[in-house]
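This briefing walks through the fold of one protein chain, starting from a single position and widening to the whole. Please keep the sequence and the model in view while reading.

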Amino acid sequence: ITDVASPQLLFVRHLSPASQGLSPGLAYESRELGEIDPECMLFVDADSSPSGTAGVLFGGAWSGTMSLWEFECPSATPAPTPAPTPA
């Protein structure tokens, strides 16, 4: 979070390789534009997801695309076995 009175860009994260080297216009024309411009994001639970896996749905303003990024959660790890107590 930056100072509201004096905002600064901290970093840009490119989710698409094309968005790293092409302007949005060129990437759009070549059909390589990816998640460069998320206009809206919506959490989708597993019951509502088309694949049955929870994720985040992104809608792109410039690209006109919809993307679903699914979560891959590791399976639960069993609790460690307590050390035996001396008798």
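In which loop is the place of G52? In this predicted model, G52 sits in the loop that runs between β1 (38-44) and β2 (55-60). The points below begin with that residue, then turn to the sheet and its strand pairs, and end with values for the whole protein.

- G52 is partly exposed, because its relative accessible area of 44% falls between the limits of under 20% for buried and over 50% for exposed.
- Although G52 and E70 are separated by 18 residues in sequence, their C-alpha atoms lie 9.6 Å apart in space.

**The sheet**
- The sheet is an open one, built from three strands in the order β1-β2-β3, and its pairing is antiparallel.
- Its edges are formed by β1 and β3 (66-70), each of which pairs on one side only.
- Averaged over the sheet and with direction ignored, neighbouring strands are turned by 20° against each other.
- β2 is mostly covered, in that five of its six residues are buried.

**Strand pairs and facing residues**
- β1 and β2 are joined in the antiparallel sense over six bridges, and in this pair L42 stands opposite L57 in β2.
- β2 and β3 also pair in the antiparallel sense, over five bridges.

**The protein as a whole**
- Two helices and three strands make up the secondary structure of the protein, and from the N terminus on these elements follow one another as α-α-β-β-β.
- The protein has 87 residues, of which 20% count as buried.
- The accessible surface of the protein amounts to about 7200 Å², and carbon and sulfur atoms contribute 60% of it.
- Among the contacts in the protein with a separation of 6 or more, 18% are between residues 24 or more positions apart.

How values were computed: Residues numbered from 1 in each chain as written. Predicted model: local features only at pLDDT ≥ 70, side-chain atom pairs only at ≥ 80, totals over all residues. Heavy atoms only, no water. Helix = DSSP H or I, 4+ residues; strand = E, 2+ residues; numbered from the N terminus. Buried < 20%, exposed > 50% of the residue type's maximum accessible area, 1.4 Å probe, protein only. Pairing = 2+ DSSP bridges. Axes fitted to C-alpha atoms, helices over the stretch in contact; angles between N-to-C directions. Contact = heavy atoms within 4.5 Å. Areas by Shrake-Rupley, 256 points an atom, 1.4 Å probe, with all protein chains shown as cover.
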